[in-house]
Amino acid sequence: MSEKQINPLPHRLKQARKAKGISQKQLGIQLGMEPGTASARMNHYEKGKHTPDYATLKAMADELGVPVAYFFCESESTAELLCFLEKMTEEEKADLVKQITGN
């Protein structure tokens with residue numbers, strides 16, 4: 001029997017929000033949620049009770065300054081590397097791929 005897979009999204013969402021220094025309610029409002037329900041909705045996402053659809057996830061990523069894929073990184077180092085990669089130009093990424101692969 002395989003181990004239960006843990007969804008990294010709730011942890012990553014909370015981590016990115018805290019790094020940005022904003023509350024659940026502030027993030028929800030910035031995403032266009034009703035002020036009265038913004039905190040509760042964001043709390044449900046961070047607790048893993050609900051999963052946002054892609055459009056909401058993309059808006060969250062944009063607001064928090066991380067790529068969407070960040071929310072699905074299982075390791076801290078992968079999440080950190082992904083954020084660095086996202087800041088690189090396409091040319092810089094291509095050069096890095098050449099360095100890594102030796103091509």
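Against which helices do the buried residues of helix 4 pack? They pack against helix 1, helix 2 (24-30) and helix 3, where contact means heavy atoms within 4.5 Å, and where buried means under 20% relative accessible area, exposed over 50% and partly exposed in between (1.4 Å probe, protein chains only). This is a predicted model, in which local features need pLDDT of at least 70 and side-chain atom pairs count only at pLDDT 80 or more, while totals for chains, interfaces and linings use all residues. Residues are numbered from 1 along each chain as its sequence is written, and side-chain values use heavy atoms, with hydrogens and water left out.

**Overall architecture**

- The protein chain has six helices and zero strands, with helices (H or I, at least four residues) and strands (E, at least two) taken as DSSP runs numbered from the N terminus.
- Read along the sequence, this gives the pattern α-α-α-α-α-α, and the C-alpha atoms fill a box of roughly 55 × 40 × 20 Å along the principal axes.
- Of the 103 residues in the protein chain, 30% are buried.
- When contacts between residues at least 6 apart in sequence are considered, 47% of them join residues at least 24 apart.

**The largest nonpolar core**

- The largest nonpolar core holds 21 residues, of which Leu13, Met42, Met60, Leu64, Val66, Tyr70 and Phe71 touch the most other members; such a core is a set of buried Ala, Val, Leu, Ile, Met, Phe, Trp, Tyr and Cys residues joined through side-chain atoms within 4.5 Å.
- Two or more residues of this core come from each of helix 1 (9-20), helix 3 (35-47), helix 4 (54-64) and helix 5 (76-87), and helix 4 gives the most, with four residues.
- In soluble globular proteins, nonpolar side chains tend to be buried together.

**Helix 4 and its buried face**

- Thr56, Leu57, Met60, Ala61 and Leu64 are the buried residues of helix 4.
- Viewed down the axis of helix 4, these buried residues fall within an arc of 140°, so they line one face of the helix; the arc is that of the directions from the helix axis to the C-beta atoms.
- Tyr54 and Ala55 are exposed on the other side of helix 4.
- Just after helix 4, Gly65 takes a positive phi of about 75°.

- Arg12 lies over the face of Tyr70, at 5.7 Å from the ring centre; a charge sits over a ring if NZ of Lys or CZ of Arg is within 6 Å of the ring centre and within 35 degrees of the ring normal.
- Leaving aside neighbours within four places in sequence, Tyr70 is in contact with Arg12, Gln15, Ala16, Ala79, Leu82 and Cys83.

- Arg17 lies in helix 1 and Glu46 in helix 3; Arg17 is buried with a relative accessible area of 8%, and Glu46 counts as buried at 9% relative accessibility.
- The side chains of Arg17 and Glu46 are joined by a polar contact of 2.5 Å, that is, a pair of N or O atoms within 3.5 Å of which, within protein, one must be able to donate a hydrogen and the other to accept it, residues adjacent in sequence counting only if both atoms are side-chain atoms.
- Beyond neighbours within four places in sequence, Arg17 is in contact with Ile22, Ser23, Gln24, Leu27, Glu46 and Leu64, whereas the list for Glu46 comprises Pro10, Leu13, Lys14, Arg17 and Gln24.

- Ala38, found in helix 3, counts as buried at 0% relative accessibility, and, not counting residues up to four places away in sequence, Ala38 touches Gln24, Lys25, Gly28, Ile29 and Met33.
- The C-alpha atoms of Ala38 and Gln26, twelve residues apart along the chain, are separated by 7.7 Å.
- Lys93 has its place in helix 6 (residues 90-101) and counts as partly exposed at 22% relative accessibility; apart from neighbours within four places in sequence, Lys93 is in contact with Leu85 and Met88.
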